[in-house]
Amino acid sequence: DGCGHTVLGPESGTLASINYPQTSPNSTVCEWEIRVKPGQRVQLKFGDFDIDDSDSCHSSYLRVHNGIGPTRTEIGKYCGFDLQMDGLITSKSNEVTVQFMSGTHTSGRGFLAAYSTTDKSDLITCLDNASHFSEPEFNKYCPAGCVIPFADISGTIPHGYRDSSSLCMAGVHAGVVSNTLGGQINVVISKGIPYYEGSLANNVTSKVGPLSTSLFTFKTSGCYGTLGMESGVIPDSQITASSVLEWSDQTGQVNIWKPENSRLKRVGPPWAAFITDEHQWLQIDLNKEKRITGIITTGSTLAEYYYYVSAYRILYSDDAQKWTVYREPGMDRDKIFQGNTELYQEVRNNFIPPITARFFRINPLKWHQKIALKVELLGCQFSIGRAPKITMPPPPQNKNDDLSDDFIHSVKTSLQTDKTTFTPEIKNTTVTPSVTKDVALAAVLVPVLVMVFTTLILILVCAWHWRNRKKKTEGTYDLPYWDRAGWWKGMKQFFPTKSAEHEETPVRYSSSEISHLRPREVPTMLQTESAEYAQPLVGGIVGTLHQRSTFKPEEGKEASYADLDPYNSPIQEVYHAYAEPLPITGPEYATPIIMDMSSHPSTPLGVPSISTFKAAGNQAPPLVGTYNKLLSRTDSTSSAQALYDTPKGQPGPGITHELVYQVPQSVAHSSGSKDE
């Protein structure tokens, strides 16, 4: 009476103490006898072990024996709270006895263990979940019997399962392993999602789960596509039933719930049987042999008709005459599949191993009120390896269930005749040799063409760049590229606006050009050309000008200072890339003009001397020295008018007809000039 959850499969299984994970009752005992195929050995792995050891394993313990019966030998005796038994206990034969004794105790969960044959080196227990493993992808072997009431899972396929879910129980829910047989799982870990759906599949209920950091899914063969009930690939004529519900409603309208109404997710009523007993069936003809891996069912999906099937069997056939009831391998009884628990929810059941057949039949065994359901089949095309599929037509229905000798002979003949179909070149590859050659040729040509086009583009870009650079290098004086950019801009400032053969044409500013302008515009007009004379000079011309002046030269040319006029001197062919700064020793502005009144008595007293510096009141500026003398010239028509010392842009006191500019100061004059 001390046995708890127990599933003993042919190659693996699960066993637990009574009431696990709660405390087992006192004075109970249980003994499990495990057998595998001869020639194999048994390995035992504990997922949890918590047995009271207060009396040193005297009354409460777990004992493991080699063999069964009186000849068995003890492998070990175990007890202890939270005992860590990470290793495997291995037998010496194909038989093992596990004995659990529970004496007087007040605590202790008991134990849960899994077993398998020793060739399953990656055995895990039903309590292991994804968080116990750090690898992003791994393979493990799940034992039979992992659908346990004390474990939870959250999620479904294809979205994935929460990382806290039991790996093996989720594998049963997903349909990758059988609860009766166990099996290998290939697990892939990925990032979690905010919400996990719940569903019922393979007699396992998955609960709704919250956000988690990671989730896991399973790698499968991929043979889980729909076979055409919902999409309509299977025509109505290939869906038949044992009976059809037909009735009239209150308005007198006749309602017929025909077999073609049994398509999953189809709006409207389902198929329903007229007779309510265990001999009713819904049959689907797939038109040819296919691999069937699962089935999905719902109830009536009509709120006013609360009908659904809660349990059913599956039968299959190749000729619709001889039917086989689905059983799990090694089992001597038919497998009963859990159906719906209400009329809306979709319930999935998988076939492990898959069914290979053309005709498929559902036989309801339990139902609610009436037999009614909608269905979809899961699976894929049936093929053996890579050989072409040979479709065998069904034999005539008026003959025996087995294939006749003539039919078998015709099939063998067709296999022997079509020998070219099984040539080695095609058998082991998915493409013909010519296609393979084209693929290899394309793999070579595509990179070559890409390189050729890339080279051509680079050549065109380089040629365009070289051409533009050549145009920039074509200058008047063919200077180096680095010295050419600002040379002409700097030299242009030292030439008049209009020139011919490097000779300057004086610019005249007369009083008639200025008199018609408003007073505010006069300085602006005179300042527009000031940049021609106030720029710094370059080397080679410095020696001809002793002092720089901001005043424009006299427009006329007289013998008294013609040779000393720097503005009419030819420009020497000495160039620099940039203008040189003014010497610090030379004055930057016009030299003041000072009149020596003592040495010029003949000058009329009524004519005041003009200076570039304004004197206080009407008095003349004081004398500085005899070296600075006034250079003046009188016009033939107005001899009493000062013409030379008026600053540029400022009218003098005696201007009547024209305004001229002062001659640059401190320049040595020729013998023709006058000292006054």
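Author: Buried means under 20% relative accessible area, exposed means over 50%, and partly exposed lies in between (1.4 Å probe, protein chains only). Helices (H or I, at least four residues) and strands (E, at least two) are DSSP runs numbered from the N terminus. The model is predicted, so local features need pLDDT of at least 70 and side-chain atom pairs count only at pLDDT 80 or more, while totals for chains, interfaces and linings use all residues. Residues are numbered from 1 along each chain as its sequence is written, and side-chain values use heavy atoms, with hydrogens and water left out.

The helix is α1, which is mostly covered, with eight of its eight residues buried. These are L167, C168, M169, A170, G171, V172, H173 and A174.

G175 counts as buried because its relative accessibility is 5%. Leaving aside residues up to four places away in sequence, G175 touches N202, Y224, R348, N350 and I352; contact means heavy atoms within 4.5 Å. F351 is 176 residues from G175 in sequence, yet the C-alpha to C-alpha distance between the two is 7.8 Å.

For L456, the accessibility reads otherwise: this residue of helix α4 (residues 433–473) is partly exposed, with a relative accessible area of 46%.

Elsewhere there are sheets, in which two strands pair if DSSP finds at least two bridges between them. The antiparallel pairing of β3 with strand β8 (residues 95–102) extends over eight bridges, and V29 stands opposite M101 in β8.

Another open sheet has five strands, ordered β1-β2-β9-β4-β7, again with antiparallel pairing. Its edge strands, β1 (3–8) and β7 (89–90), each pair on one side only. Within this sheet, strand β2 (residues 12–17) and strand β9 (residues 110–117) run antiparallel and are joined by five bridges. A16 stands opposite L112 in β9.

To return to the part requested, eight of eight residues of α1 are buried, and G175 is buried as well.
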